2 protein chains.
Amino acid sequence: MRIPTLRHWLIAAALATSPLIATTPAHAEAPQVKTQAPGFYRMMVGQFEVTALYDGYLDLDAKLLKNASQRDIQRLLAKRFTTGPAIQTAVNAYLINTGSKLVLIDAGAAKAFGPSLGFIPDNLRAAGYDPAKVDVVLLTHLHGDHVNGLLTADGKAVFPNASVHAAKADADFWLPAEALAKADEASRPFFQMAQSALAPYQAAGRFSTFDDGTELIPGFKALAAPGHTPGHSGFLIESAGQRLLVWGDIIHNAATQFENPEISIEFDIDRKLAVATRQKLLNRVVKDKLMVAGMHLPFPGIGHVRREGKGSFEWIPVEYGPIR
Amino acid sequence: MRIPTLRHWLIAAALATSPLIATTPAHAEAPQVKTQAPGFYRMMVGQFEVTALYDGYLDLDAKLLKNASQRDIQRLLAKRFTTGPAIQTAVNAYLINTGSKLVLIDAGAAKAFGPSLGFIPDNLRAAGYDPAKVDVVLLTHLHGDHVNGLLTADGKAVFPNASVHAAKADADFWLPAEALAKADEASRPFFQMAQSALAPYQAAGRFSTFDDGTELIPGFKALAAPGHTPGHSGFLIESAGQRLLVWGDIIHNAATQFENPEISIEFDIDRKLAVATRQKLLNRVVKDKLMVAGMHLPFPGIGHVRREGKGSFEWIPVEYGPIR
């Protein structure tokens, strides 16, 4: 019998602790691709084709969330495996092809809030559409992360063939020249962004306002949801018996505001009314089992809401899958 | 003063109830596109690039879920806005580019379960990769919806340059010729699919087995998770201090089995052991705050698990976003 030498033993030990599969590549290594899948998601609502479009994300400072202690807010974030101070917050828009009209709800932030946003035109093209074919743009409200995307970097209309529509209450609040003149330093950029974004559409006679309950085009009804801004609106969409409520900014932070709808955000113009509107709409969508889409819900931001105990809710996102 | 005629009044009434925005298209109507975004999702785990790949979906009959009354199962499904009898169930696989190895975990169902599956090669290409560049295929177990995708429709290797690896306990159960010969009629197709899918890789000397705890390649460790099949395994992946457990079929139906992990599925070889393994792993991933990926979780099937009361859990999916 041959007694193993130390050299044999060392080789055997090395083999025993080395990985099972040889690590020398048999052929060229594939470089890491490191790009995300395109930011669109498609589904049908009756005969309407709905495409969620990802504009990008904002890193929201958790301290902008109000009406609860930062300790409570961090506890709620941790339950969703998110921890502050910066919370990745999606900016979504929704493109609805009714079959005869191409309707975009909100236009994203363009590059005014940094390079992590402004991808709606790219994702709209990735989804098979052309911004020039958009017939109608409906705006949930006139904040910059919803309207800046109406313009190119050099101030031209991104949607040159679209008419643009916002609630009269929001237009009256943000668009008068004297409102900008009277604005304090902190809020002046909000007025400037709203006025700049709409100017070319107003000049072309392509901007008009609507009131609560207006049927904008067949199957699209405005639903006043004031508080976040005076004219903040949802759009209730219905086709062939199926419904979708595009509710704008009813929720800015899914991790905290579904569980505690009293949590508010710094940017709310009327915080108390924003909370009351959120509670009212949450109760309605639960009661009606209404599918909702939200501009700051985790992309694609489409799903249902379930009640979880008194005054508390849970977000149930749609599942990815083919168009069926 | 001119008094309006009835005709005037009828026109005014028609205008008042007609939609705000003219419905005649100003230009050519955009046709509905009706395709879904490509079925991949990308993220980093340390220095490893992880790409979730969507193979498609199965419509799972709710009656295949066991250990609870159908009434309880339908109640849990309804809480997720899903109702039976058919439950859309994703089939996912995971491609990990370590920087030096391209590793695929599971290969999907190919077309053996119908036209709604078999999209892994398409989505792998959409994600920027070439099946011929895959170096290693790790199999969580040898069921057809995980192994059929190893072969093209004409029986050739889809991954001609890859070595293929499965747990010894699964290979010993599914691959012996005598196991097929002894199988009853109902289970024979399972044995046939496993044996057919692996045959070309075995013939080329490209198939080998591993045991629990084996380090397969640096950063990939096999984790026995028996019950669903005798050798059903997870893979614990670690890079630069970040971890991901690809746990195979620990959950087949997210809507019911997180809330009640005792719910089992018809296809479990050892139902009691499958339940015990599920409970053990759920407790472990909660304790360790371990990110998991699952082959039948809603695509992309990556997320965390939170405890919700005694013996009950909640799934928290990752959020879509760019690679950061």
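**View 1. Chains A and B of this predicted model, related by a rotation of 180°.** The same surface serves both copies, since 100% of the contact residues of chain B recur in chain A; contact here asks for C-beta atoms, placed from the backbone, within 7 Å. Residues are numbered from 1 along each chain as its sequence is written, while chains are lettered from A and ligands numbered from 1 in the order in which they are written. As the model is predicted, local features need pLDDT of at least 70 and side-chain atom pairs count only at pLDDT 80 or more, whereas totals for chains, interfaces and linings use all residues.

**View 2. The contact between chain B and chain A, with 56 residues from each chain.** Among the elements of chain B that each supply at least two residues to this side are strand 2 (48-61), strand 4 (86-97) and strand 15 (302-307); strands are DSSP runs of E, at least two residues, and helices runs of H or I, at least four, numbered from the N terminus. By class, the side of chain B has 28 nonpolar (Ala, Val, Leu, Ile, Met, Phe, Trp, Tyr, Cys, Pro), 16 polar (the others, Gly among them) and 12 charged residues (Asp, Glu, Lys, Arg).

**View 3. A:Asp170 in helix 5 (residues 168-174) of chain A.** Let's zoom in. A:Asp170 is buried, because 24 other C-beta atoms lie within 10 Å and the cut-off is 20 or more. Leaving aside neighbours within four places in sequence, A:Asp170 is in contact with A:His141, A:Leu142, A:Thr229, A:Pro230, A:Gly231 and A:His232. A:His141 is 29 residues away along the chain, with 6.3 Å between the two C-alpha atoms.

Key. Copies are superposed by least squares on the C-alpha atoms of residues with pLDDT of at least 70 in both. Two residues are in contact if their C-beta atoms, placed from the backbone, lie within 7 Å. A residue is buried if 20 or more other C-beta atoms lie within 10 Å of its own, exposed if 12 or fewer, and partly exposed in between; C-beta atoms are placed from the backbone.
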